[in-house]
Amino acid sequence: METKESKIFRLAEIIARSLREELSATERMMLEEWLAQDERHRTLYDSFGQEKTLAEQLQLHQHIDWEGDCRMFMQKQHALRRCRWLFHNGLRYAAAVMLLLSGLTVWLVKSHRIDSALPAEEWGNGHNKACLTLAGGEQIVLSQNDTVTVPLLSQKGANIEIRENQITYSTTSAVNDNIPCNTLTTPRGGEYLLTLADGTRVWLNTESQLRYPVKFTGKQRTVYLIGEAYFHVHPDASHPFTVISGPAEITVLGTSFNLRAYPEEDIVTTLVSGAVQMSEKIGGQSVRLAPGEQGCLEKTNGYITKQEVDTYLHTAWKDGRIVFRDMRLEDLFTTLARWYDLEVFYLNPEVKDIRFTGDMDKTERFEDILRIIEQNRRVRFHIKGHTVSISWQ
């Protein structure tokens, strides 16, 4: 059943769409029914139709956080719903609803105008950018326009080189004591390619972090990941390669796999070639994956499950694609938010469960991505700064 709050949001959107002459037949019928309910409804609606009045209201509401106020309104409504006496004064409640409706409508109109006038560079796709933190704490910002530096610096028997927007480590001596560890961090909208000293290549996805030694010594090669990375591990049977992320530990000899381990999500390993062992460090549970299989460690209970998957869906990001198949809208926008640096607000929470399928180029402008998603005509997007609000179409 649609809540009172959802009805207000929906009505505000219908009014805003009416002002933009975008109403469907069903929406126009809903608007006419609302206008016929109360003369105050007609008065409010007519005021929006006057360009001068609307411009004044847009200016008046410019510095008001209507998005935050909407959240607060819903929270208070939920908390106070049991206090029946608060609603006995129908006039006061109706006035509050009319005020919220007015603010929402103005905000939606304004959001649409910003969407239409937004500079192309404001919503450009992400690119190669990262921050390299050396063992001593020195930070080096890496960007799309990096030029060749040979070597960038030398660290305890290893050289670091930047060439064509990637970092490459190479061993220069047999020094094996007190090997320093560096950290590569990508921000939202950034990704970077790293070649470790053993020849292993790592594609680090957006909003991720990898800590690793400048050269590998001893019997094992171990790195630490937060976020997502695709590994193409250089084969070395006598020196297993291990990736540690929170409670998960993935061990391989020579293989290609994707590891997704963002802090707020379960840990997922997708194997493309070779073989890996995925383990849970605390309980000791482990599974062995074959090519085309995916292991998932559930953080809530420590269980590891595995299933067969289409590996392309989970690895295409490293080749510049955003791929989703029968994916929930909320999960899709979790990915888009990292790549395009967004905050997402759902005017209708029910839209989170709508499912989408697509395969898009990551170099597409954000507006073009939204247009592709909007083609199913079930959802609509409103942009304000770097906030995207999603509602029913």
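Student: Which residue in β10 is the bridge partner of Thr 186?
Tutor: First, this is a predicted model: local features need pLDDT of at least 70, side-chain atom pairs count only at pLDDT 80 or more, and totals for chains, interfaces and linings use all residues. Residues are numbered from 1 along each chain as its sequence is written, and side-chain values use heavy atoms, with hydrogens and water left out. Now find strand β7 (residues 181-186) and strand β10 (residues 208-213), an antiparallel pair with six bridges. In β10, the bridge partner of Thr 186 is Ser 208.

Student: How many of the seven residues of strand β15 are buried?
Tutor: Buried means under 20% relative accessible area, exposed means over 50%, and partly exposed is in between (1.4 Å probe, protein chains only). Strand β15 covers residues 267-273, and it is largely enclosed by the rest of the structure because the number of buried residues in it is five.

Student: Which residue in β18 is the bridge partner of Ile 267?
Tutor: A hairpin of five residues joins β14 to β15; strand β14 (residues 256-261) pairs with β15 over five antiparallel bridges, with Ser 256 partnered by Ser 273. β15 also pairs in the antiparallel sense with strand β18 (residues 293-297), over four bridges. There, the partner of Ile 267 is Leu 297.

Student: What is the separation of the C-alpha atoms of Val 309 and Thr 270?
Tutor: Val 309 is in the loop between β19 (304-308) and α7 (312-315), and with 21% relative accessibility it counts as partly exposed. Leaving aside residues up to four places away in sequence, Val 309 touches Thr 270, Gly 292, Glu 293, Gln 294 and His 314, where contact means heavy atoms within 4.5 Å. Val 309 and Thr 270 are 39 residues apart along the chain, yet their C-alpha atoms are separated by 8.1 Å.

Student: At roughly what angle do the axes of α8 and α9 cross?
Tutor: Axes are lines fitted to C-alpha atoms (for helices, over the stretch in contact), and angles run from 0 to 180 degrees between N-to-C directions. Helix α8 (residues 329-340) and helix α9 (residues 366-374) have axes that come within 12 Å and cross at roughly 170 degrees.

Student: So is α8 roughly parallel or roughly antiparallel to α9?
Tutor: Under 35 degrees counts as roughly parallel, over 145 as roughly antiparallel, 65 to 115 as roughly perpendicular, and the rest as oblique. That crossing therefore makes the two helices, α8 and α9, roughly antiparallel.

Student: How many nonpolar residues are in the contact of α8 with α9?
Tutor: From α8 come Leu 332, Phe 333, Leu 336 and Tyr 340, and from α9 come Phe 366, Ile 369, Leu 370 and Ile 373. Ala, Val, Leu, Ile, Met, Phe, Trp, Tyr, Cys and Pro count as nonpolar, Asp, Glu, Lys and Arg as charged, and the others, Gly among them, as polar. No polar and no charged residues take part in this contact, and the nonpolar ones number eight.

Student: What is the phi of Asp 341, roughly?
Tutor: Asp 341 is in the loop between α8 and β21, and its relative accessible area of 38% makes it partly exposed. Most residues other than glycine have a negative phi. Asp 341 is not a glycine, but its phi is positive, at about 60 degrees.

Conventions: Two strands pair if DSSP finds at least two bridges between them.
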